[in-house]
Amino acid sequence: MSGKITMAMAALFVVLAANVLQSTNGATYTVGDSTGWRVPANNDFYDDWADNKAFVVGDVLVFNFTTGQHDVAEVTETAYDACTTANTISTVSTGPARITLNRTGEFYFICTVPGHCSGGQKLNVDVRNGNNGTAAVPAPGPSPTTTPVATSPTTSTPPTAATPTSPGTSSPPPGTNSASSPVSNLSPVFFMAIALVLMC
């Protein structure tokens, strides 16, 4: 009898350990929710959007925009504050763009189309280590899902209104409207282990 219990406990431990490791997959956030990535009506729109979220390493930001009308560039804090494309780290020009937050620390994103950043199309997120809530030493370099491009410094121009798009040209990908559910991270192996324990 004690052999079955020990075996069942060992199986349960292995499955739980595997699930803990698997749960390091991050949540997926659609930047701006249904508004997407465009010049907002309110300059603080993206700051307000990010305020109630706790981003951790491994989370994915989805920037929904129409290719050719917007882009998303990761920039330095200085470039973010000045709305300039100087010191651009990477740029994704094809929407929707999926960017994985691959390190702790601050990330700065802007749209490089003239006037869009100064019109409020910019986002700053603070990324923490998801394991214990404390920040780890930041890892160097941009996310591997972005494409680096060389750009020259530009000056800010007055904000322009967002160009309306025809219906259906920029719809969010399925399943990316909010943070993913912790239950969705549970592996089928977890449920098989529970069944195994119950059968023993």
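H70 is found in the loop between β3 and β4 (72-75), where helices (H or I, at least four residues) and strands (E, at least two) are DSSP runs numbered from the N terminus. This is a predicted model, in which local features need pLDDT of at least 70 and side-chain atom pairs count only at pLDDT 80 or more, whereas totals for chains, interfaces and linings use all residues. Residues are numbered from 1 along each chain as its sequence is written, and side-chain values use heavy atoms, with hydrogens and water left out.

With a relative accessible area of 8%, H70 is buried; buried means under 20% relative accessible area, exposed over 50%, and partly exposed in between, with a 1.4 Å probe and protein chains only. The side chain of H70 makes a polar contact with the side chain of Q121 at 3.2 Å. A polar contact is a pair of N or O atoms within 3.5 Å; within protein, one must be able to donate a hydrogen and the other to accept it, and residues adjacent in sequence count only if both atoms are side-chain atoms.

Q121 itself sits in the loop between β7 (105-110) and β8 (122-128), and Q121 counts as buried because its relative accessibility is 0%. A polar atom of the Q121 side chain also lies 3.4 Å from the backbone oxygen of W37. Leaving aside residues up to four places away in sequence, Q121 touches W37, R38, V39, P40, Y46, H70, I110, C111 and H116, where contact means heavy atoms within 4.5 Å. With the same exclusion, the residues that H70 touches are W37, R38, V39, F65, S93, C111, V113, H116 and Q121.

At the level of the whole protein chain, the secondary structure comes to 4 helices and 8 strands, which follow the pattern α-β-α-β-β-β-α-β-β-β-β-α along the sequence. Of its 200 residues, 36% count as buried, and residues 24 or more positions apart account for 79% of the contacts with a separation of 6 or more.

An open sheet of 3 strands has the order β1-β3-β6 with mixed pairing, two strands being paired if DSSP finds at least two bridges between them. At the edges stand β1 (28-30) and β6 (97-100), each with a single partner strand, so one side of each is left without a neighbour in the sheet. Neighbouring strands of this sheet are turned by 20° against each other on average, direction ignored; the axes are lines fitted to C-alpha atoms, for helices over the stretch in contact, and angles run from 0 to 180 degrees between N-to-C directions. Strand β3 (residues 60-63) pairs with β1 in the parallel sense over 3 bridges, and L61 in β3 is the bridge partner of Y29.

A search of the whole structure finds 2 salt bridges, each defined as a side-chain nitrogen of Lys or Arg within 4 Å of a carboxyl oxygen of Asp or Glu.

| Salt bridge | N to O distance |
|---|---|
| E74 and R103 | 3.3 Å |
| D126 and R128 | 3.3 Å |

The side chains of E74 and R103 meet in a salt bridge, and this pair links distant parts of the chain, with E74 in strand β4 and R103 in the loop between β6 and β7, 29 residues apart. E74 is buried at a relative accessible area of 2%, and R103 is buried at 13%. In the salt bridge between D126 and R128, D126 is partly exposed, with a relative accessible area of 31%, and R128 is partly exposed, with 41%.
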